Structures are given as C-alpha cells and as structure tokens.
Amino acid sequence: MAKKKETKQEPIEKQLWKAADKLRKNIDAAEYKHIVLGLIFLKYISDSFEELYAKLKAGEGEYAGADPEDRDEYRAENVFFVPPSARWSYLQGRAKLPEIGKDIDNSMDTIERDNPSLKGVLPKVYAKENLDPTSLGGLIDLISNIALGDAKSRSADVLGHVFEYFLGEFALAEGKKGGQFYTPRSVVELLVEMLEPYKGRVFDPCCGSGGMFVQSEKFVEDHQGKINDISIYGQESNQTTWRLAKMNLAIRGIDSSQVKWNNEGSFLNDAHKDKKVDFIIANPPFNVSDWSGELLRKDARWAYGVPPVSNANYAWVQHFMYHLAPSGQAGFVLSKGSLTTKTGGENAIRQKLIEDGLVDCIVNLPAKLFLNTQIPACLWFMSKNRTNGKYRNRKDEILFIDARNLGHLINRRTRELSKEDIQHIADTYHNWRNVEGDYEDIAGFCKSESIERVKALDYVLTPGRYVGLEEEEDDFDFAERFSSLKAEFQNQLSEEAQLNERINANLLKIKIDG
C-alpha cells in the first residue's frame, strides 16, 4: 500500500497573511495595514479583558466581591478596559452586518475614552467607502481564530507574533515606503544580539514601529532574564508610525509610556532631553538633508564637531553619544558613506570619535537588506567607556567585520541574514570584546586593528581596508560609489532648492515692503 505524501502545514501567521491579503482587493497596503493591525490589536485587548472579566465575575479568592465592570479593577492588573460595545464577541456577532465598519470605529473611540494611554493611538478607518463590509466581516472571522480560547499569556504571545509578522509583510508589500516604519527583523536581531541589553534603560530616538524594543524584551526572555529589568524610551516624528509602535508594544505587554511623538522630531524637540541611558539601538534615516541643521549650529549635543546642514548622519551619531550614560553602549545603522566621508567636516568629527576611543566595532552589511534604500549600509557599535572592567580594555583597538557575503535572498529585491549569520557575527564580536573570549582574525571577514593603523589610513572605517580581502573591492566599488554620488547630488539639489526658496521669499518681502 502506497504511503500518502505528507504535506507540511504552513505556520499560522503565513496562512493568516495569505487569507488577509486576498481580502485586501483594491486597497493599498499602506492603508490596509492599519485596518488589519488595528483589528489584531482589538482582538488582543478584548481577549485580555475577557479573561480578567471572567475571574472578577466568578469572584473567587482575591477577586471575591469584585465588580467586573469596575474600570479600576483592570487598571490594577494592567489590563485595558473594553466597554460592552467594543468587545470582540459583540463585534464578531455583527460581522455580517453592513454597518460593521461604523461599529468598529465607534468601538475604537470608546476604548480610547476609557483608556487614556491609548488616546490618539487606535485607527478609525473602518467605515470608509473603499472597505467592503463583506471583506471586513471576513477579516473579523479570520482574526477570531487566532489563539481562540487560550489564556492571556498564550494569546498575547500568538497575537504579538502575528502582529510583528504582519508588520514585516506589509513593509515588503509597500516596498520603499515600508522601510520608513520597519527595520528588517534580521538587522534588529543582529543589533540586539551584539549589544546584549539584559538590564537597564534602552533608547531609540527614531523608533519607527518599535521593533528594537520588542526584540530587546524578547532577547531578555530568551536568555532567562527579567523583563522588568529593562525600561524603554523612544521618540517618533511620524504620528501614524508612532501609533503602530504603541500598539506593537501594548500587544507585547511592554510599557510604552515613555515612547513619545512630536512632529518636530528628535533634533528640534528632544522629548528625553535630560535622559542618559545604558543602551541605544537605532536605525535613523540615511543621509537626511532637511533635518533643520541650520537652526542648531550651537547645540550642546555637538561635542565632537558641528555636523553639516546637508547631512544628518553625524548629527545622529552625536545625538546618540549625548544620551549615553558614562558606561553606555550604542549600536545603530548608518549609510556606508559615513565610514569615509569628508564632506562638511564629517571626517573631523569621525577622527575625534576615534581618537577619544568611542568606536568599538564596525560591521559592513550585505546589499539589499533594507526595503527603502539601495544605499550600502553598515553598523556602528560605540561605547562611552571601554576600560570599565565589564569587558576587556580595548580602547586602543577597533574590531572590523565584513559581512557583505552573508545572507540569502528571500525575493528578487530583498536579502536577509539567517540565524546562523547573526550568531556568527555576534559571536565574533563577543569573543573579541569579552575577557575570556577566544578571538582570532579571519582573513576577509574580521580584523582587530589598532587606532594607530586607522590613523595611518586617514581615519577611514571601511572594514574592507583592514580585514585583508583578496580583492580590495572597498577601494572602489562602482555601485556603492554611484549610490553615494547620487545621494550627495540629491542633497545638493535639496539644499539649492531650499536656498532658492529663501531668496525668492526675501525678494518677495523686499518687493512688498518697497
């Protein structure tokens, strides 16, 4: 008798994504993500509420005499209160009605009224004409099957995983725009694995949808640490993205009270001005020219030199260093051009950072990791005190890692690092950094180099200059150089346009006054 061929079942998140994507029809991914992610979040807070509601209603043990409709009972347990007309069971019962969209919008409003920490966070997009009520009902039925009947901890874990997976899929679907709110998971995992934020204050001043925080908490859990040993601080200038971050963190049970939004951004309006932190993990936008640098020429953050108005890269670096505690560490993404640039005095800032012993490790990343840019990227790791005894004294050295050949394509345009790649890079760094580490240089991959050697090479930080590649590709990479020149040209055009606007405005004012 012939054996039946076993079919491998896809993970629940992939099945859900395919089903949800079918229901999208003619709605753009950028708009659709708020519809789907908002419903997943609503399911999460409703599940959490219903579980506690059942305990309060039973009135046993510590819940004896409790009122299940008393909002204070839920606040005491750090559970969002969900009014009757917003509970998932109520909405599910109305999923086939034509007014379901209006019902969901109303439920979002009532939840925000009863939970001040969610004010301005939840999407109210469900009554729009382009959203077919039948498709919306289908989405509700689909999401109803996630973690059905499980306890809160299980439900939160499954829903949180689905939420995070959907964020990544929506980012892929949006392409370039998706990169504005989402840092690829493998890059986040690499940053967190290398920094090891077990305990302390974690800060991301350009936090997007909160992936750095979620991964930091997950890292602590995976290594049997204590979640409460970490506190998070963040800032985001895009309100829509900030809303995603607040939901992403809430669904993981992470306190997001110190994740702030203002449309001026971290440079003009630093929401955590006096905060010094233990870890900074960030992916700031590359090569930004419109960062209001002309208004901040004498800012106290520029301890290593005034960054050029035309590019925010070294403004970000110094913003990070300003917020680090005396023994704080930072890991962040920058364009690869930051390793060699001599534009607008950036080389002098880089020289000062190197001479002061702040640069710990540089990682050259593979191409095609990021959704919103083809500009080559790298990771910087910096430490305020490399002689503090926690690790070995390495103030006169920098570790260079060239990981350009790692990773694999997940589609024609996008690459990701595997778990093994991430572990390989992180282990190399830890073996070099730790007192008991077993580090050795590997030709073409890693090299521990002296500050004196870096000085001799004019303070250039490109790993390929040091790791001993058989072909010195880093001396001239046409694609990289083209991307860099293109970015510089665009920056110059932007500056010229801004200058022309100011000139025209002044001429108009003179004409009017005259």
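Before looking at any pair, I noted how axes are drawn: each is a line fitted to C-alpha atoms, for helices over the stretch in contact, and the angle between N-to-C directions runs from 0 to 180 degrees. I also reminded myself that this is a predicted model.

**Entry 1: H2 and H5**

How do H2 and H5 pack, by angle and axis distance? I found an angle of about 55° between H2 (residues 29-58) and H5 (residues 100-114), with the axes 12 Å apart. That angle makes H2 oblique to H5. I logged the crossing of H2 past H5 as left-handed. On the H2 side, I listed Gly38, Leu39, Leu42 and Ile45 as making the contact, and on the H5 side Ile104, Ser107, Met108 and Ile111. Sorted by class, the residues of this H2 and H5 contact come to 6 nonpolar, 2 polar and no charged.

**Entry 2: H5 by itself**

I checked the length of H5 next. Its 15 residues should span 21 Å at 1.5 Å a residue, and the end C-alpha atoms are 21 Å apart, so the two agree.

Is H5 largely enclosed or largely open? I counted 11 of its 15 residues as buried, so H5 is largely enclosed by the rest of the structure. Among the buried residues of H5 are Ile104, Ser107, Met108 and Ile111, the four I had already written down for the contact with H2. Asp103, Asp105, Glu112 and Asp114 are also on the buried list for H5. I then asked what surrounds them: the buried residues of H5 pack against H2, H3 (71-76), H4 (88-93) and H6 (133-144).

**Entry 3: H1 and H6**

I moved on to H6 and its pairing with H1 (residues 12-24). The axes of H1 and H6 come within 9 Å and cross at roughly 170°. Angles over 145 degrees count as roughly antiparallel, and H1 and H6 are therefore roughly antiparallel to each other. I noted Leu16, Ala19, Ala20 and Leu23 from H1 in the contact, facing Ser135, Gly138, Leu139 and Leu142 from H6. By class, this contact of H1 with H6 has 6 nonpolar, 2 polar and no charged residues.

I looked at the length of H6 too: its 12 residues reach 16 Å from first C-alpha to last, close to the 16 Å expected. The buried residues of H6 include Ser135, Leu139 and Leu142. H1, H2, H4 and H5 are the helices that the buried residues of H6 pack against.

**Entry 4: Tyr53**

Back in H2, I picked out Tyr53. Buried or exposed? With a relative accessible area of 18%, Tyr53 is buried, since buried means under 20%. Leaving aside residues up to four places away in sequence, I found Tyr53 touching Pro68, Glu69, Tyr74 and Arg87. Tyr53 and Glu69 are 16 residues apart in sequence, and their C-alpha atoms are 7.9 Å apart in space.

**Entry 5: two residues with positive phi**

I ended with Asn78, which has a positive phi of about 60° although it is not a glycine. Asn78 is in the loop between H3 and H4 and is exposed, at 67% relative accessible area.

Asp458 has a positive phi of about 65°, and it is not a glycine either. I located Asp458 in the loop between H15 (451-456) and H16 (478-513). Asp458 counts as partly exposed, at 40% relative accessibility.

Notes:
Residues are numbered from 1 along each chain as its sequence is written. This is a predicted model: local features need pLDDT of at least 70, side-chain atom pairs count only at pLDDT 80 or more; totals for chains, interfaces and linings use all residues. Side-chain values use heavy atoms; hydrogens and water are left out. Buried means under 20% relative accessible area, exposed over 50%, partly exposed in between (1.4 Å probe, protein chains only). Contact means heavy atoms within 4.5 Å. Angles under 35 degrees count as roughly parallel, over 145 as roughly antiparallel, 65 to 115 as roughly perpendicular and the rest as oblique. A crossing is left-handed if the near helix is turned anticlockwise from the far one by less than a right angle, and right-handed if clockwise. Ala, Val, Leu, Ile, Met, Phe, Trp, Tyr, Cys and Pro count as nonpolar, Asp, Glu, Lys and Arg as charged, and the others, Gly among them, as polar. The expected span of a helix is 1.5 Å times one less than its number of residues.
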